[in-house]
Amino acid sequence: MRSAERVAPPDLEARRIEVRGVVQGVGFRPFAWRLAERLGVAGRVRNASGVVEIHVEGSPEALEAFAAALTGEAPTLARVEAVSWTPAAVEGLGGFAVDASVDGAGDRLVSADAATCAACLAELFDPGDRRFRYPFINCTDCGPRFTIIEALPYDRERTSMRAFPMCAECRREYEDPGDRRFHAEPVACPVCGPRVSLLAAPEADDPLEIVAALIRAGAIVAVKGLGGFHLACDATDEGAVARLRNRKRRPEKPFAVMVPDVAAARRWFAPTPPELDALSSWQAPIVLMTGARALAPSVAPGFARHGVMLPATPLHHLLLRAVDRPLVMTSGNASEEPICVTNEDAAERLTPIADAVLVHDRDVVARYDDSVVRVRTGDVAPSVLRRARSSAPSPIDLAIDAAPTLGTGSLLHGAFCLANGGKAFLSQHVGDLDTEESMAAYREALDRFRGVFRIEPEIVAHDRHPDFMTTRFAASLGVPTVAVQHHHAHVAATMAEHGLGGEVLGLAFDGLGLGDDGTVWGGELLVCSSSGYRRVGRLRQVVQPGGDAATRDPVRMALAHARDAGVLAAAIDRLGASSALVDVVERQIETGLASPRTSSAGRLFDAVAAIAGVCRSASFEGQPAMLLEEAVREPTTSALAPVVSRLPDGLLELDTRPLIVDAFESGDVAARFHAGFAALIAEAAIASAADAGLDRVVLGGGVFQNDRLTTELGARLTTAGLRVFLPRQVPIGDGGIALGQVLVANATKERS
Ligand SMILES: [Zn+2]
Ligand SMILES: [Zn+2]
């Protein structure tokens with residue numbers, strides 16, 4: 001007997017699927033192909049307009065499983081934001097095809113660079129592999145991305161890999177959907193790909209071995225990496241590290257250290273589990289951690305905390321294995337200059353610093369430093385302190401629909417932000433923007449972002465300070481500009497990351513920003529929305545004697561605060577200040593000549609660091625505050641009774657005088673100051689939040705990089721029933737300010 005059911009056609013359906021997010025350059029198409037093979041569905045996939053388009057046909061169950069796996073099993077580097085589908089006509093396809101890219105408008109998201117994956121690492125050290133010890137091994141899960149991309153869509157011909165035609169073997173892998181290098185755009189091998197060489201001896205055999213031997217013997221070597229050059233030396237060799245400091249003209253600012261692998265990180269430091277997770281993530285950032293053993297003292301003078309990273313490229317893996325000890329790995333530049341990226345530039349600028357220069361013949365398209373992250377006390381995931389390689393240009397989702405906007409950022413820790421629609425692209429850290437060279441690097445990075453993301457700003461937001469180079473640059477663009485107050489922008493940056501609307505209480509504590517009243521602000525309580533703010537409190541103002549001179553000389557701030565607190569005589573004695581300096585400072589305070597009044601929390605830290613004796617001369621921005629945090633051995637919660645008073649104009653004043661007096665009278669200055677200062681801020685914040693009827697407190701400003709202060713403050717605010725917001729993807733210091741400017745400019749535009 002024949003039944004009609006037995007010969008019924010298979011129950012086929014088709015769907016057209018769109019996948020949004022960071023889905024290009026991350027191995028998404030081969031992933032879809034493998035998924036289709038596994039589930040026995042037919043169709044095709046292609047990159048288009050910043051999305052991945054898939055046509056797929058099969059049984060309803062298989063299609064359902066396929067759609068679910070697109071999100072659930074997406075490749076490491078992908079960030080799937082949305083999978084949408086519509087029914088489509090069944091075409092009766094016989095297999096699953098991977099089509100070429102088509103370009104158009106739409107979201108243009110691209111992966112950041114990714115550290116060498118485990119599979120590539122295994123091949124790198126496998127003597128039987130054809131890429132054994134090949135310094136440019138990569139696959140769809142790892143390797144360079146944004147640092148080699150010239151334009152989108154992401155295909156080899158629009159990267160600096162264009163100069164290296166694939167050999168037959170690489171071509172076969174690249175074209176085989178079943179291969180883990182299928183459409184890995186930077187695919188290369190010793191036959192066809194980039195090569196390393198020594199700048200001074202281009203024909204030398206095994207330049208890596210030569211360089212490793214030099215480092216072991218105490219030399220300083222420049223190494224071309226993903227986003228530019230590093231300077232490397234043996235981190236256990238005090239002579240080598242001291243020489244590097246001397247030649248780089250960087251006397252004290254800590255150097256980062258690279259170790260070969262996680263086991264070495266455990267051997268040389270004492271990382272916590274979340275710090276290890278951050279260290280070995282695909283971003284491979286510099287992670288701050290304690291417990292260093294047997295490193296040269298000059299690596300991070302005065303610091304218990306070190307910046308540690310693992311190799312992010314095969315070249316660095318090879319170098320670290322060959323040297324087999326921790327290496328200082330610092331940006332390839334003299335202090336204050338942009339990082340070197342071209343071989344010619346390195347020959348000119350790094351030859352005076354390095355004993356040898358290891359180069360390769362692939363161009364660095366984008367200049368990138370290493371990212372720096374820190375895991376805060378009680379947190380499980382890291383917070384970005386410096387956003388660079390592998391964190392920029394990952395997009396930040398906005399809760400608003402932004403016009404095409406540029407935020408030009410601040411003066412220190414320069415970074416810009418380009419936004420459009422619901423996405424903001426905060427640039428990599430470019431460095432302090434106080435020289436023509438650094439502004440040139442900034443403009444170069446901006447031009448690239450504009451090109452790749454195709455955002456032509458219609459609004460340009462900048463800091464209110466008229467003398468910042470980023471302010472003058474904003475004015476030069478011929479586009480409507482919006483001036484954004486510095487501390488408002490700090491709070492807005494954190495609001496933007498968390499998608500907060502409405503009013504919040506903002507705590508903006510940093511070194512300096514120009515206030516509305518012409519004084520220098522830096523310890524501010526602001527009732528903020530994205531469109532405006534009202535200053536409701538501030539630190540007690542003191543004179544900053546000699547202006548900028550005081551930032552290099554914390555003793556001046558200590559004298560100013562001591563005089564304000566009525567303990568000048570004790571201060572002169574304790575600080576060993578010369579009578580000449582005391583006279584100068586007193587005159588500056590009395591006349592106000594070149595000596596602004598300031599409510600800066602950064603300058604308060606300077607004063608206390610000088611009183612505590614941990615830093616009496618600063619060679620880099622933030623040094624006194626960092627050293628004061630480091631000096632806290634046993635945290636204390638026994639704080640002074642905070643003194644907050646209301647000024648005639650209604651502002652709350654946070655009185656710093658009891659903290660200063662206590663610093664002279666008590667031992668354990670660092671711990672007592674952190675506890676007392678946190679209590680003072682908390683007292684004023686709780687009162688201000690109650691006054692304004694707010695329960696959300698948003699923190700911004702470089703002072704909150706200080707984990708001791710932020711942990712104690714956060715605990716007090718939380719106990720009082722307030723919700724505390726800190727940024728995670730965006731630097732809390734000036735490196736994040738451009739994002740806040742973008743948010744404010746858009747809100748201001750809507751209001752006007
Ligand atoms: Zn790989
Ligand atoms: Zn090849």
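I checked the geometry at the zinc ion (ligand 2): the site is tetrahedral, with angles of 102 to 116 degrees among its four donor atoms (four donors count as tetrahedral if all angles lie between 85 and 135 degrees). For four tetrahedral donors the ideal angle is 109.5 degrees. This is a predicted model, in which local features need pLDDT of at least 70, side-chain atom pairs count only at pLDDT 80 or more, and totals for chains, interfaces and linings use all residues. Residues are numbered from 1 along each chain as its sequence is written, chains are lettered from A and ligands numbered from 1 in the order in which they are written, and side-chain values use heavy atoms, leaving out hydrogens and water.

I then listed the protein donors of the zinc ion (ligand 2): the SG atoms of Cys-167, Cys-170, Cys-189 and Cys-192, 2.2 to 2.4 Å from it (donors are N, O and S atoms within 2.8 Å of the metal, 3.2 Å for Na, K and Ca; water is not among the atoms, so sites may look incomplete). Their spacing in sequence is C-x2-C-x18-C-x2-C.

Are Cys-167 and Cys-192 buried or exposed? Cys-167 is buried at 14% relative accessible area, and Cys-192 is buried at 10% (buried means under 20%, exposed over 50%, partly exposed in between, with a 1.4 Å probe and protein chains only).

Next I looked at an open sheet of four strands, in the order 17-16-18-19 with mixed pairing (strands are DSSP runs of E, at least two residues, numbered from the N terminus; two pair if DSSP finds at least two bridges between them). Strand 17 (417-426) and strand 19 (481-484) are the edge strands. Strand 16 (residues 396-407) pairs with strand 17 in the antiparallel sense over six bridges.

Terms used. Tetrahedral: all angles 85-135°; square planar, octahedral: opposite > 155°, others 65-115°.
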